[in-house]
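Let's take a look at a protein chain together. Keep the sequence and the 3D view side by side as you read.

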Amino acid sequence: MRLKLVVGRTQPQWRRSVYCANNDCVEIAQVNGAIMLRNSAKPRKVVRYTSEEWSAFTQGLQAGVRDRE
């Protein structure tokens with residue numbers, strides 16, 4: 001799947017994590033109210049979240065909530 005098909009006409013402005021030390025990094029972009037994540041080593045595989053899903057995720061991180069196996 002091409003990224004253009006996922007996001008329509010708006011091209012994402014990808015930002016890379018400040019913790020990235022090589023070319024295998026987490027990147028994030030916001031397009032049309034959606035939050036998109038990808039691995040810079042595999043840029044065609046994009047995970048898309050709604051703003052509500054992303055907000056719940058970041059609030060959980062701030063509260064120290066995480067899955068445990």
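This is a predicted model: local features need pLDDT of at least 70, side-chain atom pairs count only at pLDDT 80 or more; totals for chains, interfaces and linings use all residues.

## Overall layout

Residues are numbered from 1 along each chain as its sequence is written, and side-chain values use heavy atoms, with hydrogens and water left out.

Of the 69 residues in the chain, 22% are buried (under 20% relative accessible area; exposed is over 50%, partly exposed in between, with a 1.4 Å probe and protein chains only). The chain exposes about 5900 Å², and 49% of that comes from carbon and sulfur atoms (Shrake-Rupley method, 1.4 Å probe; for residues, only the protein chains shown count as cover).

## An aromatic cluster

The structure has 2 aromatic pairs. Tyr 49 and Trp 54 have ring centres 6.1 Å apart and planes at 50°, so this pair is tilted. Trp 54 and Phe 57 are also a tilted pair, with centres 5.3 Å apart and planes at 45°. (Rings of Phe, Tyr and Trp, using its six-membered ring, pair if their centres lie within 6.5 Å; planes under 30 degrees apart are stacked, over 60 edge-to-face, and the rest tilted.)

Tyr 49, Trp 54 and Phe 57 form one aromatic cluster. Trp 54 and Phe 57 sit 3 residues apart in helix 2 (residues 51-63), so about one helical turn separates them. Tyr 49 is partly exposed at 29% relative accessible area, and Phe 57 is partly exposed at 43%.

Notes: Helices (H or I, at least four residues) and strands (E, at least two) are DSSP runs, numbered from the N terminus.
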